[in-house]
Amino acid sequence: MIKYDYLIVGAGLFGAVFGREAMRRGKRCLVIDRRDHIGGNVYCENVEGINVHKYGAHIFHTSDKMIWDYVNEIVPFNRYTNCPVAQAPDGKLYNLPFNMNTFYQMWGVKTPAEAEAKLEEQRREAVEALDGREPRNLEEQALVLIGRDIYDRLIKEYTEKQWGRKCTELPADIIRRLPVRLVYDNNYFNDAYQGIPVGGYNRLIEGLLEGAEIRLNCDFFDHRDELEALADKIVYTGPIDRFFDFRGGRLQYRTVRFETEVIDEPNFQGNAVVNYTSREVPFTRIIEHKHFESFGAAVYDNPRTVVSKEYSMEWTPDLEPYYPINDERNARLYESYREMTESLPKAGDGTSKYIFGGRLADYKYYDMAPTVAAALNCFK
């Protein structure tokens, strides 16, 4: 017996925005999630009074004022600006993204003209080595964009740790939009707006899902027939290959393991994000969660801090999928699953009974703002 207009499978950001918009239109929504909390991967766990990004750092950024205003209607966002630092194999620290601070740290150059001359010198060497052909892999593309020095110290070993593959085996398009700035600006993003919800991301998701019926520890596939019978339409945000019982094969991912610890000092590394580019360091970066919401002297108001080391790993079906492997094999497989969605049963109004959205259903790594936009677009 149909009780709901929508069954929303997954209480992450896409499902939460979809639920809010549906309820604003008078629709009845049941939201389920296999985890014991809402929020998906933006969920925060409070540890020692600090909002810990349990599934990795999430920084909201966008140049779309409508999207920025939309999330700020739910909860105000703070002024956090993402300015990561990288520790190179030689132990020195460099600013990211690549900007005049980085070039000064790397070469001692102080003006944009000096930096551009050094970059062109290194790029010329890489272009000549290609002998007129296009870059065929990430290493060749990076050398053309940034040159040997920065590639060796800040890109090569870090990228190989992150993807578990040699840079010569990775596609060139992964790095084609590498940011290079001839200004002293450590802001990682170019967007007009960025920040963290005041009080953490849980407040955002709770606000979006206010008024919805929510069932946690509820796996869609354990009760599929029963749950589908409850709603006129199904919004599915889980893995698309799982929806079709992996009939074409499994899509592949990279995953991340976190080691989180409480440290008895107020300020461990002085920054929210520090990357470790050396292959000799097994983790890719350390996140100090306090710095997402505490600034300046306020960092010292709490005498303890919480840090997470991130280890990039090969994904297996018992692990959380994070980053899609965007190679030809997975692109073809995803497209076959997408085509399967077109032949699914229709709802009573003649439209599809199933709506797919989010990073797992679309097999695409989304930033948060595009995720919000995709959910809103369902109602246009």
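Of the 380 residues in the protein chain of this predicted model, 53% count as buried, a term that denotes a relative accessible area under 20%, with exposed meaning over 50% and partly exposed in between (1.4 Å probe, protein chains only). Residue numbers start from 1 along each chain as its sequence is written. Local features were considered at a pLDDT of at least 70 and side-chain atom pairs at 80 or more, whereas totals for chains, interfaces and linings use all residues; side-chain values rest on heavy atoms, without hydrogens and water.

The accessible surface of the protein chain amounts to about 18,000 Å², as given by the Shrake-Rupley method with a 1.4 Å probe, where for residues only the protein chains shown count as cover. Carbon and sulfur atoms account for 47% of that surface. The protein chain contains 11 helices and 16 strands; these are DSSP runs numbered from the N terminus, with helices (H or I) of at least four residues and strands (E) of at least two. The protein chain is as compact as a globular protein of its length, because its radius of gyration of 23 Å is close to the 21 Å that the globule rule gives for 380 residues. The radius is taken over C-alpha atoms, and the rule is 2.2 Å times the number of residues to the power 0.38. The C-alpha trace spans about 70 × 55 × 35 Å along its principal axes.

Contacts, defined by heavy atoms within 4.5 Å, were also examined by sequence separation. Of those between residues at least 6 apart in sequence, 73% join residues at least 24 apart.

The structure holds 0 disulfides, a disulfide being a pair of cysteine sulfur atoms within 2.5 Å. For Cys29, the closest cysteine sulfur is that of Cys378, and the separation of 12 Å is too far for a bond. Cys378 is likewise in no disulfide, its nearest cysteine sulfur being that of Cys29. Cys29 is buried, at 5% relative accessible area, whereas Cys378 is partly exposed, at 35%.

Several backbone features fall in loops. Leu96 and Pro97 are joined by a cis peptide bond with omega of about -5°, and Pro97 is placed in the loop between strand S7 (93-95) and helix H3 (100-107). Asp131, in the loop between helix H4 (112-130) and helix H5 (138-146), has a phi near 55°, a positive value in a residue other than glycine. Asp131 counts as exposed, with a relative accessibility of 69%. Phi is also near 55° in Phe246, which belongs to the loop between helix H9 (240-243) and strand S11 (253-263). Phe246 is partly exposed, at 25% relative accessible area.

Ile263 lies in strand S11 and is buried, with a relative accessible area of 13%. Its C-alpha atom is 5.4 Å from that of Thr305, although 42 residues separate them along the chain. Beyond neighbours within four places in sequence, Ile263 contacts Phe268, Arg304, Thr305 and Val307.

Thr284 occupies the loop between strand S12 (273-276) and S13 and is buried, at 6% relative accessible area. Thr284 and Val274 are 10 residues apart in sequence, and their C-alpha atoms are 8.8 Å apart. When neighbours within four places in sequence are left aside, the contacts of Thr284 include Tyr158, Lys161, Gln162, Val274, Glu310 and Ser312.

Two further loop residues are exposed. Gly296 lies between strand S13 (285-288) and strand S14 (305-314) and has a relative accessible area of 57%. Its C-alpha atom is 9.9 Å from that of Gly270, 26 residues away in sequence. Arg177 is found in the loop between helix H6 (148-163) and strand S8 (193-195), with a relative accessibility of 82%. The C-alpha atoms of Arg177 and Leu145 are separated by 9.1 Å, and the two residues stand 32 residues apart along the chain.
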